[in-house]
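Me: I would like to learn how to read a few features of a protein model. Please give the general idea each time, and then the case at hand.

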Amino acid sequence: MRVGFGLPVSGSWAAPDILAEVAAEAERLGYDSLWTFQRLLSADAPVYRSVLDPIVALAFTAARTSRIRLGVAVINLPFVSPVVLAKQISTLDVLSDGRVDLGLGGGWSPDEFTATGASSAHRARRTREYVAVLRALWSGEASFDGEFYTVPPSRMEPRPVQRPGVPILLGGAVPAAIRRAGEIGDGWVSRSATDLSGIAADIALVRQGAESSGRPEPRIVCRGVLKLTGAELPADGRPPLAGSYEQIREGTAWLATQGVTEVFYDLNWDPLAGLEPAAARDRALEILHDLAPVGLG
């Protein structure tokens with residue numbers, strides 16, 4: 001089981017000094033990855049009121065780390081051209097020496113669809129083409145003529161350090177989308193609202209998709225929204241990542257038995273994101289230390 005940490009990209013703690021400190025400390029403590037997410041417009045939910053751009057935040061983090069992987073979960077693909085995103089992610093992979101993981105989603109905010117001029121129609125077909133375009137551009141010699149996207153015969157340089165390209169993880173909550181993550185992606189990344197107690201059923205769908213397409217064993221990346229209570233919770237009905245630190249460690253180990261290959265603890269959904277910045281920083285570093293990936297394999 002690989003263990004990562006969500007970067008402070010949302011709320012009052014999303015400040016340059018805190019971002020740099022959390023990233024450096026996570027790497028020092030042996031975490032495997034750091035993660036961001038995308039939100040273009042502010043929304044009523046506290047977690048979405050102020051959010052840093054995910055790619056810019058990862059570039060900032062890349063300059064302050066040397067080993068830890070850098071992921072985004074997720075970029076909403078209808079809102080950005082695949083050619084533009086391919087160039088951005090390839091550049092980030094070069095500047096980070098091959099440490100990037102790209103998560104893609106279909107988007108859900110009506111306001112963001114309107115503001116970007118994007119269409120919410122034909123999401124499945126659009127997603128398949130989008131992934132194909134990214135991989136074509138990262139291959140060196142690109143040419144694509146599809147229903148939604150056209151790329152004239154061309155080259156995109158520099159190519160990603162990772163070959164044949166940056167790993168692509170797909171989000172999704174409905175069965176068809178979850179299965180598609182295995183069919184065309186390198187794995188699946190769960191969302192903040194995923195019921196982790198039943199994640200084995202979702203993982204089975206991802207694996208079925210990979211097997212049907214002859215793809216390798218998929219990665220299963222779990223966004224771990226923590227519910228720290230400071231005290232033990234009764235076992236009955238307790239979510240895997242709720243309770244005391246020890247219970248959260250136990251829950252993380254249990255997720256591995258269900259087929260999760262990677263989990264990242266994401267505090268952006270925690271009430272700490274709305275605290276005064278210094279208090280948010282202190283709590284984040286405390287959690288970072290107390291959940292450091294020791295003995296989880």
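Me: In which strand does Val74 lie?

Reply: Val74 is part of strand S3. Keep in mind that this is a predicted model.

Me: What should I check in the backbone there, and what is the peptide bond from Ala73 to Val74?

Reply: Most peptide bonds are trans, and most residues other than glycine have a negative phi. The bond that joins Ala73 to Val74 is cis, and its omega is near 10°. A cis bond also leads from Glu157 to Pro158, with omega near 0°. Pro158 sits in the loop between strand S6 (150–155) and strand S7 (168–170).

Me: And phi: what is the value for Asp97, and where is Asp97 found?

Reply: Asp97 has a phi near 60°, which is positive although the residue is not glycine. Its place is the loop between H3 and S4.

Me: How do I read the pairing of strands, and over how many bridges do S3 and S4 pair?

Reply: Backbone hydrogen bonds pair the strands of a sheet, in either a parallel or an antiparallel sense. S3 and S4 pair over 5 bridges, in the parallel sense. Within this pairing, Gly71 stands opposite Asp101 in S4.

Me: What do the strands form together?

Reply: They form a closed barrel of 8 strands with parallel pairing, in the order S1-S2-S3-S4-S7-S8-S9-S12. On average, neighbouring strands of this sheet are turned by 25° against each other, direction ignored.

Me: Which residues lie nearest the centre of the largest pocket?

Reply: Its lining has 29 residues, and those nearest the centre are Val74, Gly105, Gly106, Trp108 and Gly172. Val74 is the residue in strand S3 that we began with.

Me: Which elements supply the lining of the largest pocket?

Reply: At least two residues each come from strand S3 (69–76), strand S4 (100–105), helix H5 (123–138) and helix H6 (175–184). S3 gives the largest share, 3 residues.

Me: How much space lies in the second largest pocket, and what lines it?

Reply: That pocket has about 230 Å³ of space. It is lined by 15 residues, with Thr194, Leu196, Val225, Lys227 and Pro239 closest to its centre. Its lining divides into 6 nonpolar, 4 polar and 5 charged residues.

Me: Last, helix packing. At what angle do H1 and H2 pack?

Reply: Look at the angle, the axis distance and the handedness. Helix H1 (residues 16–29) packs on helix H2 (residues 54–62) at about 60°, with the axes 10 Å apart. H1 is therefore oblique to H2. The crossing of H1 and H2 is right-handed.

Me: At what angles does H3 cross H5 and H2?

Reply: Helix H3 (residues 82–95) and H5 cross at roughly 50°, and their axes come within 9 Å. H3 is therefore oblique to H5, and the crossing of these two is right-handed. For H2 and H3, the axes come within 10 Å and cross at roughly 15°. Angles under 35 degrees count as roughly parallel, so H2 is roughly parallel to H3. The crossing of H2 and H3 is left-handed.

Conventions. Residues are numbered from 1 along each chain as its sequence is written. This is a predicted model: local features need pLDDT of at least 70, side-chain atom pairs count only at pLDDT 80 or more; totals for chains, interfaces and linings use all residues. Side-chain values use heavy atoms; hydrogens and water are left out. On a 1 Å grid over the protein atoms alone, a cavity is a set of points where a 1.4 Å probe fits but cannot get out, and a pocket is an open set with protein on both sides within 12 Å along at least five of seven lines; lining residues have an atom within 4 Å of a point. Helices (H or I, at least four residues) and strands (E, at least two) are DSSP runs, numbered from the N terminus. Grid points are joined across faces, edges and corners, and a volume is the space filled by probe spheres set on the points. Ala, Val, Leu, Ile, Met, Phe, Trp, Tyr, Cys and Pro count as nonpolar, Asp, Glu, Lys and Arg as charged, and the others, Gly among them, as polar. Two strands pair if DSSP finds at least two bridges between them. Axes are lines fitted to C-alpha atoms, for helices over the stretch in contact, and angles run from 0 to 180 degrees between N-to-C directions. Angles under 35 degrees count as roughly parallel, over 145 as roughly antiparallel, 65 to 115 as roughly perpendicular and the rest as oblique. A crossing is left-handed if the near helix is turned anticlockwise from the far one by less than a right angle, and right-handed if clockwise.
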